Amino acid sequence: MRLSLGVLLFLLTSVSFAQVQSLTSSLRPLYEYALIADSTDRNTKIDNWWRSLRQAQQIPLVIEDSVAFLFKGSAKTVEWMGDFNGWGYNHSYNNKGKPIQGTDIWIFKASFPKDARLDYKIMLNGSQQILDPENPRQQWSGVGGGSPNSELRMPHWKEDPLHQLRSGIEKGKVVTDILFNSSVLGYQLMFNIYLPAGYEKSGKLPVLYVTDGYEYMHPRLGNMTTILDNLYADKKIKPAIYVFIDHREPVNRSNNKRMEELAMNESYYDFFTKEFIPHIESLYPVLSDPVQRGILGESMGGLTAAYFAFVKPGVFGMAGIQSPAFRARPQIYSICDNPQQPIKVSMTSGLISDASEASRKMKSILENNACIYNYREVNDGHSWGNWRNLIDDILIDFFGI
């Protein structure tokens, strides 16, 4: 059915107006209570209104695609920092809260897609970042386990049930903190390994190397071992072995070498291909066929996954690329153009202050060569809340039954 431009604009305006009215009506009591002359009566009604929102876990207040971020307390300025303004890098985004006269409440209104999920914090007085004290939902983020951010979940966003621990299912064997001395790099490294249940009887298996492996395994971040156990229980993927590379220094785990190792580092590639892969193949029943060997990573790890898969033929046949940091090394585009062998690529990106522009450019390159690829975008930011919900899609792309 065709609609005239005028009718279409009317419908869009009507929908938007209805949603704004819905949020406005939910906030109307607060503004009415703020006008009460008697301070005791005013504060009592405002406190009761605030308590009802808190008990219903409605802070932030979300109605359809509209959000009212709220803060109650004493401050000179209140701002909301998060994925929506690139954590302050997007200076054109107005993230400043407004005080509601007659109250100690600050408000910041915004609009997001109904299926969005975003990390954020509250900034007080221009310098102090805090978690939202009224929002119990959190998403951990950052290198090495990091720290929590407050989490905004829009009404149509759902967490993947694969993150739930299940009882009564077979679980893979996880071996952690395995040390390896690299002659190429001149220092000691650490890795973890996941062996699927019954792997001893399966013969040689495909293998997926995972950069930022500690984060991919961490229950609050990637939670990948739980995802694997559940995918196997649901019979959605074939057995494979997973090698999780830990970029933290074994004796000083606060020293994370990821920014050095994952920046299209030729020495790190040499270590991987000349030392590490042969070492893994000598210890574990993994197939040596490049078609059965993959690499997965997020951000700088996504850049590395593309680099490792495309820089030389015959090493990696699969590349899992999440929110890739292609802007850090734009020469990656020419490396991935016209590959000498087909690569199976599974790439994902968020649409909110993430890597969608760079990922779409790579997608257009993949479309023009012999690669087999899947590309997914979600209304999310550059966060583990984004990446963890898409891990199963990548695994099914590579090893689906």
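**Aromatic pairs and charges over rings: exercises**

Phe272 is buried, with a relative accessible area of 0%. The model is predicted.

**Exercise 1.** Find which part of the chain Phe272 is tied to through its pair with Phe316.

*Solution.* Start with the geometry. Phe272 and Phe316 lie 6.2 Å centre to centre, with 55° between the planes, and this aromatic pair is tilted. Next, place the residues. Phe272 is in helix α6 (residues 266-283), while Phe316 is in the loop between α7 (300-310) and β17 (318-322), so the pair ties together parts 44 residues apart in sequence. Then check burial. Phe316 is buried, at a relative accessible area of 0%. Finally, look at the surroundings. Phe272 and Phe316 belong to one aromatic cluster, whose members include Phe180, Tyr209 and Phe308.

**Exercise 2.** Classify the ring pair of Tyr194 and Tyr232.

*Solution.* Begin with the total: the model has 34 aromatic pairs. In this one, the ring centres are 6.3 Å apart and the planes meet at 10°, so Tyr194 and Tyr232 are stacked. The cut-off for stacking is under 30 degrees. Now locate the partners. Tyr194 sits in strand β11 (residues 187-195) and Tyr232 in helix α4 (residues 224-233); the pair links distant parts of the chain, 38 residues apart. Both Tyr194 and Tyr232 are buried.

**Exercise 3.** Identify the rings that Arg220 and Arg248 lie over.

*Solution.* Take Arg220: it lies over the face of Trp140, 4.2 Å from the ring centre. Take Arg248: its charged end sits over the ring of Tyr214, at 3.6 Å from the centre.

Note on methods: Residues are numbered from 1 along each chain as its sequence is written. This is a predicted model: local features need pLDDT of at least 70, side-chain atom pairs count only at pLDDT 80 or more; totals for chains, interfaces and linings use all residues. Side-chain values use heavy atoms; hydrogens and water are left out. Rings of Phe, Tyr and Trp (its six-membered ring) pair if their centres lie within 6.5 Å; planes under 30 degrees apart count as stacked, over 60 as edge-to-face and the rest as tilted. Helices (H or I, at least four residues) and strands (E, at least two) are DSSP runs, numbered from the N terminus. Buried means under 20% relative accessible area, exposed over 50%, partly exposed in between (1.4 Å probe, protein chains only). A charge sits over a ring if NZ of Lys or CZ of Arg is within 6 Å of the ring centre and within 35 degrees of the ring normal.
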